[in-house]
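Biologist: I would like a close look at one part of this model, with cut-offs included. Could you walk me through it in one go?

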Amino acid sequence: MDLRIFTEPQQGASYDTLLTVAKATEDLGFDAFFRSDHYLKMGDGDGLPGPTDAWLTLAGLARETKRIRLGTLMTAATFRLPGVLAIQVAQVDQMSGGRVELGLGAGWFEAEHQAYGIPFPAEKFGRLEEQLEIVTGLWSTPAGETYDFKGAHYTLTDSPALPKPAQAKIPVLIGGGGPKRTPRLTARYADEFNMPFASVEDTEKQFGRVRAAVEEAGRPADALTYSNALVVCVGKDDAEVARRAAAIGREVDELKENGLAGSPAEVVEKIGRYAEIGATRFYLQILDLADLDHLELISGQVQSQLA
């Protein structure tokens with residue numbers, strides 16, 4: 001069972017804060033450090049000191065860590081041209097010694113596009129599909145050959161398809177609850193399917209759709225990793241759970257219903273329910289990045305029981 005730390009820096013975090021959390025992630029034995037790809041805060045709070053770029057952050061962390069995997073949930077396809085994205089991710093993979101994973105999504109938060117002058121096209125899913133085709137195509141083109149692509153949204157001509165990643169294949173993550181197009185894209189391009197912030201019941205339904213699509217595409221359903229992203233709020237006792245819930249502006253009962261919250265035993269039990277339907281990896285959404293004791297508790301009393 002892989003436990004990964006997942007952060008939301010747009011809510012307010014400097015690079016130094018992210019570096020501290022990433023180093024704690026490595027020291028405490030977690031599998032990976034992932035971050036969102038957003039440029040604008042959501043909900044309450046001031047978002048200070050302002051946004052950090054996902055791939056600039058991961059480039060820095062690639063040189064400051066040694067073991068943990070590094071990646072995004074999810075890079076927004078609207079933020080970057082596919083050829084540029086392929087270069088960025090391959091370079092960070094080289095900088096990390098082959099520890100990068102790419103979560104790629106269509107992009108959805110219109111306000112951040114407006115705030116920073118980023119085009120927000122009406123038709124996003126087709127662009128995502130072409131980006132997946134291009135990025136994976138560039139990486140897989142044999143050295144010395146060129147890559148061409150002509151689609152509705154992007155055209156590449158005589159690309160040298162360089163640089164190459166350090167890994168023979170960078171794992172690609174696709175996620176979401178879409179009933180048709182998401183499973184189809186997952187079956188074609190993904191190494192992992194991630195179901196974000198969903199109940200066991202909804203996760204089971206979507207895992208089933210994805211498995212069916214993967215098999216229809218001629219791949220074994222178990223060729224993919226199936227994962228969940230869930231907010232986490234763990235405490236040694238009820239008072240500590242309540243304190244941590246208040247620190248992130250959430251109610252304990254709501255967190256227990258919609259995330260992984262409560263005592264270590266409660267969280268282990270709920271993880272077990274997801275595991276029963278096929279989840280083998282969890283992205284623990286940490287919203288209070290100053291609370292490193294929280295990570296220590298999860299490592300010592302949750303992760304230790306799942307090893």
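Biologist: Leaving aside its neighbours within four places in sequence, which residues is valine 302 in contact with?

Modeller: Happy to. A word on the basis: this is a predicted model, where local features need pLDDT of at least 70 and side-chain atom pairs count only at pLDDT 80 or more, while totals for chains, interfaces and linings use all residues. Residues are numbered from 1 along each chain as its sequence is written, and side-chain values use heavy atoms, with hydrogens and water left out.

With neighbours within four places set aside, valine 302 is in contact with Leu3, Val234, Pro264, Val267, Val268, Ile271 and Leu297 (contact means heavy atoms within 4.5 Å). Valine 302 belongs to helix α11, residues 292-306 (helices, H or I with at least four residues, and strands, E with at least two, are DSSP runs numbered from the N terminus). Valine 302 is buried, at a relative accessible area of 1% (buried is under 20%, exposed over 50% and partly exposed in between, with a 1.4 Å probe and protein chains only). Its C-alpha atom is separated by 18 Å from that of leucine 289, 13 residues apart along the chain.

Now the surroundings. The largest nonpolar core has 77 residues, and Trp55 and Val302 are those with the most contacts inside it (such a core is a set of buried Ala, Val, Leu, Ile, Met, Phe, Trp, Tyr and Cys residues joined through side-chain atoms within 4.5 Å). Helix α5, residues 125-140, gives the most to this core, with seven residues. Another core, of seven residues, lies apart from it and includes Phe6, Ala32, Phe34 and Tyr283. As background, nonpolar side chains in soluble globular proteins tend to be buried together.

Trp55 leads us to helix α2, residues 54-64, where Ala54, Trp55, Thr57, Leu58, Ala59, Leu61 and Ala62 are buried. The buried residues of α2 pack against α1 (15-27), β2 (32-35), β3 (69-72), β4 (75-76), α3 (82-96) and β5 (100-105).

Next, the rings: a search of the whole structure finds seven aromatic pairs (rings of Phe, Tyr and Trp, the last by its six-membered ring, pair if their centres lie within 6.5 Å; planes under 30 degrees apart count as stacked, over 60 as edge-to-face and the rest as tilted). Tyrosine 39 and phenylalanine 79 are stacked, 4.6 Å centre to centre with 20 degrees between the planes. This pair links distant parts of the chain, 40 residues apart: tyrosine 39 is in the loop between β2 and α2, and phenylalanine 79 in the loop between β4 and α3. Both tyrosine 39 and phenylalanine 79 are buried. The rings of phenylalanine 193 and phenylalanine 207 have centres 6.2 Å apart and planes at 80 degrees, so that pair is edge-to-face. Phenylalanine 193 is in strand β9 (residues 192-196) and phenylalanine 207 in helix α7 (residues 200-216), so the pair ties together parts 14 residues apart in sequence. Phenylalanine 193 and phenylalanine 207 are both buried.

Finally, β9 itself: four of its five residues are buried, so this strand is largely enclosed by the rest of the structure.
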